[in-house]
Amino acid sequence: MRQRATGHITFFQRSMHNEHARRLESEQLLRDALAQLWVEPFLQPLVDTVRGTITGFEALCRIRHPETGLVSPGEFIPVAEETGLIHPLSLQLLDQILPLLSDSRMTERYGNAFYISFNLSPVQLQDPHMGEEILERLRHSGVSPERLNIELTETAVMGDANTAIEIMERFATAGFAISLDDFGAGYSSLGLIRSLPLQQVKIDRSLVSSVDTDDEKRAILNMILSLCEQLDLTAVVEGVETETELACLAGMGAQLVQGFLFSRPLPPETLLDQVPPRGLL
Ligand code: C2E
Ligand code: CA
Ligand code: CA
Ligand code: CA
């Protein structure tokens, strides 16, 4: 009995130790990436299936490590949020994203009206200073605000809701559209989408996978789509991977979609090379 308990403690301590070591490693990777400018935005198209055009792109960050290659945000965003490094990370990304909006190769290929969606972490809406600094960056870039969309999850208003909403209002007043990300994945308070200054709702991909065979998912998706329509919010369905899912969504009236079916997130150079203006439709 006693030995077993000791064994458990040792195991527990060891896994804590590993967890701690992994976090330190991620933090170091992040610090190196920021210092060496290894952070890059990848772009994934948002496709209008009715018009057959690309309306915009979501910027998703990657670290390109010279030895180990690409690192996904799942590996470093949590640590970035805990350490506050999310803020310099966002600024480095913005400095690369904003010029893409007026890049001549981008506008020749995709027109000059496409927008880029940019993810902000909940912690960035808990700190008025971070929010204000990002807003200043955008204002000074001279970019027309309708060309940039801010994506936030509902967890942003689960901390200090007043601060978060105040910062959101400032973005909205400056003309930037705000999307509620991952809708339908968490608590998804229906009241929330009415009380926030939103223009767009992004429906989480967990509701999309096997929507063609799952009646419950279809019912929830239908409800969210009609709610968005009645509240005058643009709905984007995320994570569309198959033609069957797409056909099913089209039948439900979903117009804007995003997913591997159209394109994975790609470095801008590769995107320009491989993704035509009609988004491979
Ligand atoms: P997200 O904002 O929900 O982004 C969508 C994620 O779904 C991306 O993963 C994208 O590659 C993936 N995805 C897109 N289409 C499909 C599909 O058809 N099937 C599947 N299975 N997945 C699809 P990624 O790039 O690994 O990013 C993961 C998360 O990391 C993002 O989720 C977002 O929460 C966070 N993230 C990424 N970039 C940033 C950033 O610049 N700032 C912040 N704060 N968070 C970021
Ligand atoms: Ca997002
Ligand atoms: Ca999402
Ligand atoms: Ca997410």
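Two strands are taken to pair if DSSP finds at least two bridges between them; strands (E, at least two residues) and helices (H or I, at least four) are DSSP runs, numbered from the N terminus. The model is predicted, so local features need pLDDT of at least 70 and side-chain atom pairs count only at pLDDT 80 or more, whereas totals for chains, interfaces and linings use all residues. Residues are numbered from 1 along each chain as written, chains are lettered from A and ligands numbered from 1 in the order written, and side-chain values use heavy atoms, without hydrogens and water.

Strand β7 (residues 200-203) pairs with strand β6 (residues 177-183) in the parallel sense over three bridges, and serine 179 has glutamine 200 of β7 as its bridge partner. Four bridges, also parallel, join β7 to strand β8 (residues 234-237); here the partner of glutamine 200 is threonine 234. In a regular strand the side chains alternate between the two faces of the sheet. Both faces of β7 are covered, with Gln200 and Lys202 on one side and Val201 and Ile203 on the other all buried (under 20% relative accessible area; exposed is over 50%, partly exposed in between; 1.4 Å probe, protein chains only).

The calcium ion (ligand 2) is coordinated at 2.1 to 2.3 Å by Glu58 (OE), Asn119 (OD1), Glu151 (OE) and Asp181 (OD). Donors are N, O and S atoms within 2.8 Å of the metal (3.2 Å for Na, K and Ca); water is not among the atoms, so sites may look incomplete. Aspartate 181 bridges this ion and the calcium ion (ligand 3), which lie 4.0 Å apart. Asparagine 119 is partly exposed, at 27% relative accessible area, whereas glutamate 151 is buried, at 1%.
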